[in-house]
Amino acid sequence: MKNLSAILLTLLITTTGFTQKYYTKNAQISFDATSSSSPERIEGINRSATCVVDVKSGNMQFAALMKGFAFERALMEEHFNENYVESEKYPKAEFKGEIKNSDKVDFTKDGTYSVKVKGKLTMHGVSNDVETDAKIVIQSGKIKATADFNVLLSDYKISIPGLVADKVSKTAKISVSCSLELLKS
């Protein structure tokens, strides 16, 4: 994860100035793909995703290693990495986008803001457009951001074997939560 964080940070710093950038390497991304007919929760959580937000332009980027998702049971984690997302072949998921109405957010003073986020989510070698509502809370010079959205697994060519089709939902609910701090030189 250190290499992914360093690469993302280097790219963002070298392409623009960094006085307006906020960063974390501890963003939390979770998903729930539990079928309504399953007694067993199909949930994974990654607490080491990287996120950079340029508050001046509204551009943002997330990156998460697929092997960073932890599950309640080791067998679920193994199936997730080997059979579903094929982590060896597709090691990371990435979102590149923007806060569509970032001009409505005053990043210099405390407050809570509802925003729209739009961009491309890439995972399992497939990129699709994603648009969702998000909440930004500014408090003491830090940014806290949260968002929830759904993805259809087949849109990312993630197949569900027939043997477990009744346990795994065709749609996964993705939740993102992060606390970002000003990126200092």
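This is a predicted model: local features need pLDDT of at least 70, side-chain atom pairs count only at pLDDT 80 or more; totals for chains, interfaces and linings use all residues.
**Aromatic cluster**

I started with the rings: F31, F69, F71 and F80 form one aromatic cluster. Residues are numbered from 1 along each chain as its sequence is written, and side-chain values use heavy atoms, with hydrogens and water left out.

My rule for pairs: rings of Phe, Tyr and Trp (its six-membered ring) pair if their centres lie within 6.5 Å, with planes under 30 degrees apart called stacked, over 60 edge-to-face and the rest tilted. By that rule I get 5 aromatic pairs. One of them is F31 with F69, edge-to-face at 5.6 Å centre to centre and 65 degrees between the planes. This pair ties distant parts of the chain together, since F31 is in strand β1 (residues 21-34) and F69 is in the loop between β3 and α2 (74-84), 38 residues apart. For the labels, helices (H or I, at least four residues) and strands (E, at least two) are DSSP runs, numbered from the N terminus.

I checked burial too (buried is under 20% relative accessible area, exposed over 50%, partly exposed in between; 1.4 Å probe, protein chains only). F31 and F69 are both buried. F71 and F80 make a tilted pair, 4.9 Å centre to centre with 50 degrees between the planes. F71 counts as buried because its relative accessibility is 13%, and F80 is buried at 8%.

**Largest pocket**

Next I looked up the pockets. On a 1 Å grid over the protein atoms alone, a pocket is an open set of points where a 1.4 Å probe fits, with protein on both sides within 12 Å along at least five of seven lines; lining residues have an atom within 4 Å of a point. The largest one has a volume of about 850 Å³, taken as the space filled by probe spheres set on the points, which are joined across faces, edges and corners. I find 49 lining residues, and F31, F69, F80, A172 and I174 are the closest to the centre. Strand β8 (residues 168-182) gives the largest share of the lining, 6 residues. I sorted the lining into 42 nonpolar, 3 polar and 4 charged (Ala, Val, Leu, Ile, Met, Phe, Trp, Tyr, Cys and Pro are nonpolar, Asp, Glu, Lys and Arg charged, the others, Gly among them, polar).

**Strands**

Last, the pairing (at least two DSSP bridges between two strands). Strands β3 (residues 59-65) and β4 (residues 92-99) run antiparallel, joined by 7 bridges, and A63 has E94 in β4 as its bridge partner. I also see β4 paired with β5 (residues 111-123) in the antiparallel sense over 6 bridges, with I99 opposite V117 in β5.
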